[in-house]
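Please look over the sequence and the model below with care.

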Amino acid sequence: MDLDRQHTVKQLLLLVILVGVLQACHKGFLDAKPSTNLEVPTTLNDFQAILDNTTVFGLVPTLGEASADNYFFTYPYWLTLDTREKNAYVWAVDIFQGQGGQQDWNTPYQQVFYANVVLDGLGSKPGPDSVAQWNALEGAALFLRAFAFYNIAQVFAPAYDTSLLNVPLGIPLRLHADINPPSSRSTIGQTYQQIIQDLDSAEFFLPSGEPNAYRNRPVRIAAQAMLARVYLSMRSYSQARAYADSALLAYSALIDYNTLDTTMGEPISLLNAETLYQASFLSGAVGSTPYLLALAGGFYPSTRIDTGLMQSYDPNDLRRVIYYNYKPPDLSDLKGSYANSFVPFGGLATDELYLIRAEGAARAKDAISAMADIDTLLSKRWRTGTFPGYIVGSWQEALDTVLLERRKELAFRGLRWTDLRRLNAEGANDTLIRNLNGTLYTLAPNSDLYVLPIPPDVISLSTIAQNVRD
Amino acid sequence: MRTPNLAVFLLCVCLIKCRIVFAQGGVLISLSERNASLEKVLQDIRDQTGFAYYGEGGWPEIARPVSFSFKNVTLEQLLDLCFRDQPLVYKLDIPNRTINVFLRPRQERVINGIIQDENLEPIGGANIIAPGDASAISKDDGQFALHTYYSDPRLFVTSIGFESQVVAMPPDGQKLVLTLKSKVGEMKEAEVVHTGYQTMKDNAATGSFDFVDNDLLNRRVSTNIMDRIDGVTSSVLFNKNVVLGTNQSTITVRGRSTIYGNPNPLVVVDNFPYPGDLNNINPADVESITILKDAAAAAIWGAFSGNGVIVITTRKGRLNQAPKISFNSSVTTGWKPNLYYQPILSSSDYIDIEEYLFQQGYYSPSLPVPNGPALTPVVELLGQVANGTLDSADGYAQINALRKVDTRKDLDRYFYQHSLNSQYALNVSGGGTQDQYYLSAGYDQNQANLVRNEYDRVTLTGKNSYQVIPSKLELTTGFAFTASSTYLNNPAGSDVIYPYAQLADAQGNALPVAYQLRLPYVDTVGGGQLLDWHYRPLQELRNADNKLTLTDYRIDIGLRYAIVKGLDARIYYQFGRGDSDLVYYYSPQTWFARNLINEYTQNNGGVFSFPVPRGGILDETMNTYTANNVRAQLNYNDSLFKHGRLNMIGGAEVRDIEGSDRTNWLYGYNPGMGSSVPVDYVDLFQQYTSGAYQQIPYGDAKIGTSERYLSYYTNAEYTYFGRYMVSGSVRRDESNLLGVRGNQKGVPLWSAGLGWELSREKFYHLDQLPYLKLRVTDGYNGNIDRSVSAYTTASINTAPNRYNAVFSNIVNPPNPDLRWERVHIVNAGLDFATAGNRLGGSLEYYIKSGIDLIGLSPVDPTTGVSVFQGNTANMQDHGVDLTLHTDNDLGKVHWNSVVLFSYVLDRVTKYNEKLADVGYYLSSSTINPLAGKPLYSVYALRWEGLDPDSGNPQGLLNGKISRDYGSILGSDNFHDLVYKGPVNPPVFGSWRNSFYWKQWGLSANILYKFGYVFRRNSIFYYLVYTGASQGSPDYEKRWQHPGDEQHTNVPSMTYPGVANRDEFYQNSTVLIEKGDNIRLQDVQLSYDWTKKAHARLPVQLIHLYVYGNNLGILWKANHAGIDPDYVTGMPLPRTLAVGVRVDY
C-alpha cells in the first residue's frame, strides 16, 4: 500500500508538472487573434487605419447651416420634412421634440472617441524608426479631435466671447477613450483653450508639405488653416490673419474656375488643388435617423438658394454655374461641391485662407493687402479677363467687400452660422426672416436661439445642462 | 429477491451433506431455530448433547443469527452450517465434549475479476461480497479487486437489475470472470450516462440527465442524428420557425438563457466538442445520446454548458465476443410538398388588382421607360392596348387566358418530385480477452423532393482498444471519416412574384418570364451584339451546377493506465479536420453569367467590348477547420471509507480550433481546362441598362479564425450506504477571447448536488413505490459571446476608403468590466418506480437564471458610443420536466407507454435599452427584448374594427380610436402594445406508445405543443402593388361596402397604397393565432425473425421495419389552416420508409 501511495504521489506530481507546463506555455497560446480581421489596435498601422475611417471622420454637423440664411424652402416642400428639419428651419425653441440619436452631436463625439483611442494607444514613446509616422498620427488625432470639438461648439455652445470665459456653457471635453467617466460641460474658455492647444500640438507634430493623395490625412498647413478659422470665430483677427498667412506662405494654390467643365454635375475633383482637409456635411441615413436630407443633398433641387445671395453673383462669375444649377429668378439649387459630391463640403481649403487673411488685413486697416487677396481669389473665379477689380475708399469699405465675398465664396461650407454669430457680436445686427405661406419667422441678432438645444437622449443619459432658449 | 435464492442454496448443500453423514454414522441431532443467535444455538446443542462451549472474549457480539430446521444430522454437520458465514470458527473436542469457538484466522487474499452482463458489457457498481468479511464494488469497466481475509469458499455477487449469484472463490492467482443475468421487470434500470468526461450510473447521480439508448435512436429513420432525438427527450425543443438574424437556435435544451451570446447547445462526440457539421455523423454509428440538463450534469463543461450539452457516444466492440456483423438498409420515399399550403392571391384576383392599378395610373411612370424594372405580362398587355399597338379584344383575350394559369402547377411538375433516400450501413464488431474492435461503413444517397437536389454521404469509422498490459495499460484508437456531396441546383421556386407565370410550354420547353428587365426590352436589346438576356426559370434549373463537398475526419488516441486499485490516469488526444468546398459554377448559359456579361458590355460607337469575359463564372467558397484536443485526466472510482464509494475525476485540457474561410471568383472560367481570364477590377464600366458606372464585382477574400481554450476541471460524486449521494464540480476555462483582460480570460464555474435514495432507508415502507429518490443541485454554467471584448477592438473594413486606404471600425469600445455570461441553475428532482416497474418516471423543477448576459444599453452619446454591449441583462426561466413510463402485459401483448411533458418559459428580467416606440417591437426579424417578457415574444397593436364608412382599419392611440397609423406605429405609449404570447411553445412533449405481440412491434409517437402564438399573413396591399408580395386570399373577404365590417376584419383596398395602414393591420391583434397543436409524428411497425424461433434461419436476426414520418396534425387551435410549425414555407411532406436489419 505504501509503495502504491508513493506511486500515486509520483503520478500526481507528474500531472501537477504537466498542468504547470500548460500554464507556462498558455500565455502565448491564448494570445492568438480570434479572427484575422479583428484586432486590438496596437501598431501604428492599426492607428492609421482607425484615422482613415472616412465613414466617421470628415463629417461636419449641418444644423448650423440649416439654421442659416443661404437658402430657403417652399412651403409645400417644408411640409414634407422631418420634424427636426422643419423646426430647425423656423428656429423653434424645441427642435428635436424628444427624438434622440442626433448625428449632429453623436458623430463629432464619435470622432473624438476614435481620436482618443489613437491618442491613448500611441502612448508617449515612439520607436526610433517610426518617429515620423508616430508624429503624423499624434498630430492627425489631435487635429481631428480639435476639428470635432470646434464643430460641436459652433452649434451647441454660445459663440466665443471674452465676457463668457468662465461661464460653464462650453462643450463636454472628453480627452480619453474610456466611456465610463460622466460627461460635464466645460467653460467656454476651456473649450477654446482645448481646441487651440490640440491644434498647436497638431501643428507641431504634423508633417510639412503640400496636400497629397490622402486628403483625409491633415498636413501642417491644415492645422494652421484650422487655427486661422478658430481664431476668426473667436474674433482674434490678428492671430487668424497670422495663421492664414503662414499657411498661404507654405501653399497658396487656387483652382482657376475657367479650367472646370461647368456642364458637369460635379465639376470639382476630389483631389483638387485647394482642398487642405476633406470633409463634408453629415448626410443620408446615418444610424437609424435620416439626417437633414434636404441640405445634405438628398433632394437638393428642393433646397433653393437665397435670392439675394444668388443675385450677388455677376453673370461673369463662374461660381454661379459651378456652385449652383442656376435657374432664375429664385429656383436655383445646389450642385457638386469641393467634396466631389452633391453633399456640401465642410473641410478646409485655400480660398478660405485668402478670405481670412483679407479680413484680418481689413480689420487691421490694411485695405491694400485685403484687396490684393480678394483680387487674387476672384481673378480665378470670374471668366478670364472679366474681373474688373474692386476699388475701395476705406478699410471699412474693404471689410464690407471682404465679408460680401466671403459669403459668396464660402456659401454652403458650414461657415455661415458661425459668421452670423460672430458678425452680430461685432454689431452687424442681422435679423433673419423665413416666410412660410405668409407666416413670418424671425431670428433676432444675438438671440438665445443661436445656441441649439442639446439632444434629449444626451440630456437624459448624462448630467449635462441644457441650453436655455426662450 | 436475494433471500429465497440463498435459502435454496443452503438447502441443497445441507441435503448433500446429510447423505454422507448417514453413511458414516454418529451422533444425530434434530434442531429447529428461527433467527436465533449463535449462542442460543450452542445452548440448545448443549441441552440436547451435553457438549459445552467456550469461546474467545466478545465472540457472541460479532456472531450472526442463524435459521434452520433439521432432523437427525450430525453435530459436525450442524456446526458447519451454523459457522458458515460467521467470522468465527469452531473446534470440536469430542473427548472433552466441548465446542471451542475462535475468531476466524486472518489470511489476506486478493481476488481480481470482472463482472459483465449477458452481452458481455462490463457492469459497474456490482457488489462482490465475501460473507462476513469484505466487499468490493466493480468499476465502470467491470473490474474489481476484493481484499479478503477469511477462507470462506463462496462469493456473493449482486447488482441492481441483475440476478444475484453465488460463486466459488477462484484458486489463487486466477481471475474471476462472471456473467450476471439481467432481471426481467427490475425496478428501475440504471442507465449508463456519458458526460464526455466520464460514464456513470444515473441512479448514483444527483444531476439531471436524459438518455436516449440505441433502440430509441433506431426507432426513427433519418440521415441526420439530431432528427432522431426530436420528440423522445424531455425538455429538448426543436424550434421550427427560426427567423434568420434573431440568434435563435434550432434546438434548445431547457429554454433560453442568453440574448446575444451563443444560443446552441454544446455537442460532444466521443469526449470532445464537435466543431463540424452534424450531418457528418452517421446515426448508424451512434450507440447512445446523453443530454446534460442541469448544473451538476453540465457544469463539467464549464463555459460551454450554458445551453445544455448533448453527448453523442459512438459504438464500440465488446470483449470476448466473436465477430458480429450487422447490416442495415432502408429506403425512404417522401410525398411532394404541398405548394398550395401558403395562401396567396389567385391569378384572377391578382390580375384584377393589376387592372385596377393600371386604371389608377400606377404604371404610367414605368411604361414609357423601356429599360426600367420588369413589368408583368398583364401590365405590358394593358400598356399595349392603351397605346394602341394591340387590339383591345385581343389584349383582353390574352389577359383572360392568363387568369387560368397557375405557376404552382408548373412548379409542381418541373421543380418538385418524390424524395427518395437510401441508407446502407454495415458494421463488424467483436473482441478477444484483451481487445475490442468496431468497424463500419455507411452510404447514404438522398434524392430531395426538389428536382436536381441530391445528397450523398460515405462514412467510415473504426474503433479499437487493446490491453497493452492487461488490466494496467489500455490503448484506444479510433477514426471517423465522412465525405459528402450536396447538389444545390434547385432554388425551390422561380423568383417570379406574379402567380400566372408560365414556366414551360406544352412540350416542356423552358419559357421566359418577366424578371428584373422588361420582356419587350430583352426581346430586342443589343441588336444581336449581346447574349440572350431572357430569364427562363426552368432553363436555370437545368443549367445550374452548384455543389457542396464536405470532407471531415477525426482521429482519436486514448491511453488509460491503472495506477493503483480504483485510480487510473488517462490521456486523450483528438485531431479533427473538416473541409467544405462550395462551388457555384455559372456556365455561359446561366442567366447570372449572361446578365453580368451583358451589363458590362461596352459599346464604343458600335465597337463592342466585354470587360466581363464571355464565359462561365466560378464562385467558390472554401472553409476549413482543424481541431486539436488534448486531455489529461485522473479517475478514481472505488470505495472510500466503509460503505462509501467515490467516483472522482480531475484533469486539464487544451483545445485549439483553427479555421479558414476563403472565397474566390473566377471570370471566363472554363471547367474543362480549369482556366480563367483576368479582369479589370479597378476601372469603372458603364452599365448597359442603367448607364451608371460600376466596378466588376470582386469576390476574393480570406479570413482566418482561431478559437483556443485551456480548461481545468474536477468532478466528484460520493455515495454513502448506496443511498446518500453528494456531488460537486469545479471548472475553470480560459480562452483567447480577444482582449478579455488576463485575469478575466478565465471563469471559474462550480456545481454541487445532493441525492437521497429514500426507498433504501429502513423506515421506508411504501411497498407500492419501491424506488424513490430525491435529488437537488445548484451551480453555474457558462456561455461565451465571442463578439465582445474588454479591450478596444477594431475590425478591418472589407472595402478601402475613398483614398484607397484600408480603414477599420472600432467595433467594441473598451470595457474593463466585461465578464463572461453565467447561467445559474437550481434543479430539484424526484425519481420513482412502482413494483415491477409498472409505472416509473421522474419529475423535475428548475430555475435557470442567466446572469451578466450581454445586452445592449443606451449610453450618453457624448462618449462616442450610443449603444453599449455589456453585461447588463438578466433572464430567468422556470421549468418543469415530467417523464412517465409504464410497462404492462395485456394478455400476450406487451404495452409500454412513455409520456414526456416539459414546461419552460423564459423572461427577460433586466434589460436597459427600451426603444423609442412600439413599432420596434412588432418586427419578428430583430431581437427586441422587453423587460418582464419572454425574449421572443409576439406583440400586437390593439384592433378597433373597420371604419364602417371606408373600411379603414382602426387602432387605439393613447386610449382613443385612431386612424393615424403613423402615430400608432410610432407611439411611445407602451399601453398600446399588447403582449400576445411567446414565439416558442412553453409547453411541449410527446406521448409514445409501443406494442409488442410475438415477433411484431408497433410504435407511434404523438407530439404536442401548447401556449404559443404566431402572426399570420394577410393582404398587404402596398406590397402587392409594388410587386413584393403575393398577397393573400383574404383579399376576397375585404371590406367593400358599408356593413361589411360586421363580418370581416380585412380592410378595404385603397389607392394609393398606404404602407402604414397595411403595416398597422398586419401587426394588429386580429392576425394573431394560437399555435397549440397535437400531431402524429411517426409510426413504426416491425417484425423479427430470430434464430431462436426459426432454427433454420441462416442469421441470428432479421429485423424488418416500416416507418412513416410527418404523418400529420391531429388537432390545432387555429382555424386559418396553418400548421404552426410552418408559418412560412411548406410543411415537411410525409415520408414512408421500409428497412431491414440483419445480424449475423
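## Around Leu216(B)

Apart from neighbours within four places in sequence, Leu216(B) is in contact (heavy atoms within 4.5 Å) with Val232(B) and Arg992(B). Leu216(B) belongs to helix α5 of chain B, residues 214–217, where helices (H or I, at least four residues) and strands (E, at least two) are DSSP runs numbered from the N terminus. Leu216(B) counts as buried because its relative accessibility is 14%, and buried means under 20% relative accessible area, exposed over 50%, and partly exposed in between, with a 1.4 Å probe and protein chains only. The C-alpha atoms of Leu216(B) and Gln423(B), which are 207 residues apart along the chain, are separated by 18 Å.

## How the model is read

This is a predicted model, in which local features need pLDDT of at least 70 and side-chain atom pairs count only at pLDDT 80 or more, while totals for chains, interfaces and linings use all residues. Residues are numbered from 1 along each chain as its sequence is written, chains are lettered from A and ligands numbered from 1 in the order in which they are written, and side-chain values use heavy atoms, leaving out hydrogens and water.

## A loop residue in chain B

Ser587(B) sits in the loop between β28 (567–586) and α13 (591–599) of chain B. With a relative accessible area of 9%, Ser587(B) is buried, and, leaving aside neighbours within four places in sequence, Ser587(B) is in contact with Asn543(B), Ala593(B) and Gly616(B).

## Helix α9 of chain A

Helix α9 of chain A has 14 residues (220–233) and, at 1.5 Å a residue, should span 20 Å, which agrees with the 20 Å between its end C-alpha atoms; the expected span is 1.5 Å times one less than the number of residues. Of the 14 residues of α9(A), 13 are buried, and just after α9(A), Arg235(A) takes a positive phi of about 60 degrees.

## Where the two chains meet

In the interface, 55 residues of chain B are in contact with 61 residues of chain A. The two chains bury about 4800 Å² between them, 65% of it on carbon and sulfur atoms, where buried area is the accessible area (1.4 Å probe) that two parts lose on being put together, summed over both. Arg802(B), Tyr803(B) and Thr862(B) supply 15% of the area that chain B buries against chain A, more than any other three residues.
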